[in-house]
Amino acid sequence: GLTYDIAIIGGGAAGISTAASILKRKPGITVAIVEPSGSHFYQPGWTLVGGGVFKQSQTRRPEKKLIPPGADWIQAAATGFEPDSHLVHLSNGSSVRYGILIVATGIMLDWDAVEGLSETLGRNGVTSNYRYDLAPYTWQLVQTLGRGNAVFTQPPMPIKCAGAPQKAMYLACDAWRRRGISDNIAVSFHTATPGLFGVKDYVPALMEYIERYRIDLQLKSNLVAVDGARQVATFSNVGADGATSRSEVEFAMLHAVPPQRAPDVIRNSPLAGKDGFVAVDPATLRHVKYDDIFALGDIAGTSNAKTAAAVRKQAPIVAVNALAALEGRPMVADYDGYGACPLTVERGKIVLAEFGYGGKLEPTLPTWLLDGRRPTHLAWLLKEYVMPLLYWDGMLKGRELMVEPRPLTSKS
Ligand code: FAD
């Protein structure tokens, strides 16, 4: 096997950004990115593909072009971790030995956890913006649907971008309103969660859209099975009395979001906490047990919103802390849990949720300019034009506009 100063597992949003940030700060150290996929995807763009705003191709780039200069790309998957030997095993039969390990594998979409769903995705009116190949089908269905039930679902937490299941719905409702056919389509939102959104400050604005689009909101209602041929979805519901019941709903269109969990390779490793995600300190993002291991992005066992926006803040923090650890110095920077979720409530308007640990609001812009608790056109412009630039040319390149690692305030 090979030996690197820093080995990064996963070359997604978090892995690439952290590698770029580290190499900007300390060129010359050896960095490996272990990533099996030949393509990288800008997943936040899939909502706009499903809404007919972006082309599918705008959300995909070759991995090769994104690996920062100075890093080695190992095109393989990690298959096992031996933290006591500072060793990661790979799918190509070799292994990597590291000084510092950074885990950034993302979260796993568990399509098979919903009976019958995998088989019917992309057919029978069943779609999901959570897959690159299916997001265009969402828009196709929205454009061609004339009447019937349109059903949108959200699984139990944790999921990445918890607002995305309802974003798909609002953009669809808006398209039907513009076509003047809203009266022919009955829309329902079934979410396994007890509320519409986890941070209460954003709920009133979202409820206004639930009412405007006359959406039947079903809380604590979890999609458990799909019969594609019959176009019937089955839900497990928790009633007010706490009792569980099942219900069947016929649909003409179903936008499904799958349950999500830590991939098995992490879940079954010594790195995992009880929930299967990598057990890290919420502030320094260093492993609670292994001083030479860090995690960020969707695989980190932290309570922030699992978003690319969170990664943008986490990457420079992990970069400076990992370099400190490599040199045997104490931790230098803290993450405050920032994450953001731009809720596309209609074409041209967004409720921009920005919050940290504990649901504390953390607006980037002053409220007089952009109040995230209200739908604004400015937030839409940020989403359509600014955020993709910030992602491709800022974050992934290690150009950290407006992101200074926050000095350590915790005792960790
Ligand atoms: P990813 O970017 O998913 O990358 C993980 C990488 O690890 C992948 O390349 C994968 O191939 C690789 N990998 C997996 N297993 C292994 C292994 N065993 N070994 C090596 N490599 C492995 N975020 C926002 O900020 N705003 C939004 O509006 C937004 N909207 C979204 C809408 C949708 C529909 C979706 C799906 C996501 C959205 N997100 C949004 C969330 C955002 O995309 C993720 O939070 C972000 O990509 C997390 O980065 P990551 O690097 O942790 O994971």
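On a 1 Å grid over the protein atoms alone, a pocket is an open set of points with protein on both sides within 12 Å along at least five of seven lines, and lining residues have an atom within 4 Å of a point. This is a predicted model, where local features need pLDDT of at least 70, side-chain atom pairs count only at pLDDT 80 or more, and totals for chains, interfaces and linings use all residues. Residues are numbered from 1 along each chain as its sequence is written, and side-chain values use heavy atoms, with hydrogens and water left out.

**View A. The second largest pocket.** About 450 Å³ of space sits in here, counted as the space filled by probe spheres set on grid points joined across faces, edges and corners. Of its 26 lining residues, Met157, Ala162, Gly198, Ala305 and Phe355 lie nearest the centre.

**View B. The largest cavity.** A cavity is a set of points where a 1.4 Å probe fits but cannot get out. Searching the whole structure turns up one of 30 Å³ or more, and the largest has a volume of about 60 Å³. Among its lining residues are Ser17, Arg312, Leu390 and Glu400. Helices α9 (308–326) and α10 (377–394) each give two or more residues to that lining; helices here are DSSP runs (H or I, at least four residues), numbered from the N terminus.

**View C. Helix α5 against helix α6.** Residues 135–144 (α5) and 164–179 (α6) pack at about 30°, axes 9 Å apart; axes are lines fitted to C-alpha atoms over the stretch in contact, with angles running from 0 to 180 degrees between N-to-C directions. The two are therefore roughly parallel (angles under 35 degrees). Trp139, Val142, Gln143 and Thr144 of α5 meet Ala172, Ala175, Trp176 and Arg179 of α6, contact being heavy atoms within 4.5 Å.

Notes
Angles under 35 degrees count as roughly parallel, over 145 as roughly antiparallel, 65 to 115 as roughly perpendicular and the rest as oblique.
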